[in-house]
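Student: I am new to this one, and I would like to go through it step by step. Could you show it to me first?

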Amino acid sequence: MAKRKDARVTVILECTSCIQNGVKKVSTGISRYITQKNRHNTPNRLELRKFCPYCYKHMIHVEIKK
């Protein structure tokens, strides 16, 4: 039997604000979330507004490469 590629993949979302502040050493860490997306419905990188515990507000989290 031939194996097919699964439509659902696991992705990691990372805070954009923490990445920028990480260069200045202002932030103590980087907020990351693990979620799943459908590869066929959303072929582009995923962007979601999630709560960042380091920034203490809702920020845009973008998909990163593993």
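**The sheet and its neighbours**

Tutor: Let us begin with the sheet: it is open, its four strands pair in antiparallel fashion, and their order is S2-S1-S4-S3. Strands here are DSSP runs of E with at least two residues, helices are runs of H or I with at least four, and both are numbered from the N terminus. Two strands pair if DSSP finds at least two bridges between them. This is a predicted model, where local features need pLDDT of at least 70 and side-chain atom pairs count only at pLDDT 80 or more, while totals for chains, interfaces and linings use all residues. Residues are numbered from 1 along each chain as its sequence is written, and side-chain values use heavy atoms, leaving out hydrogens and water.

Student: How many bridges join S1 to S2?

Tutor: Strands of a sheet pair through backbone hydrogen bonds, either parallel or antiparallel. S1 and S2 run antiparallel, and the bridges that join them number seven.

Student: Which residue in S4 is the bridge partner of lysine 50?

Tutor: S3 and strand S4 (residues 57-64) run antiparallel, with six bridges joining them. In S4, lysine 50 has as its bridge partner methionine 59.

Student: And in S4, what is the bridge partner of leucine 13?

Tutor: S1 and S4 also run antiparallel, joined by four bridges. For leucine 13, the partner in S4 is glutamate 63.

**The chain as a whole**

Student: What share of the residues in the chain is buried?

Tutor: Buried means under 20% relative accessible area, exposed over 50%, and partly exposed in between (1.4 Å probe, protein chains only). Of the 66 residues in the chain, the buried share is 26%.

**Two salt bridges**

Student: How far apart are the closest N and O atoms of glutamate 14 and arginine 32?

Tutor: A salt bridge has a side-chain nitrogen of Lys or Arg within 4 Å of a carboxyl oxygen of Asp or Glu, and the structure holds two of them. Glutamate 14 and arginine 32 form one, and their closest N and O atoms are apart by 2.5 Å. This pair links distant parts of the chain, with glutamate 14 in strand S1 (residues 8-15) and arginine 32 in strand S2, a separation of 18 residues.

Student: Why does glutamate 14 count as buried?

Tutor: Arginine 32 counts as exposed because its relative accessibility is 52%. Glutamate 14, which stands opposite arginine 32 in S2, counts as buried because its relative accessibility is 8%.

Student: What is the N to O distance between lysine 37 and glutamate 63?

Tutor: Their side chains also meet in a salt bridge, at 3.1 Å from N to O. Lysine 37 in strand S2 and glutamate 63 in strand S4 are 26 residues apart, so this pair too links distant parts of the chain.

Student: Are lysine 37 and glutamate 63 buried or exposed?

Tutor: Lysine 37 and glutamate 63 share one label. Each of the two is buried.
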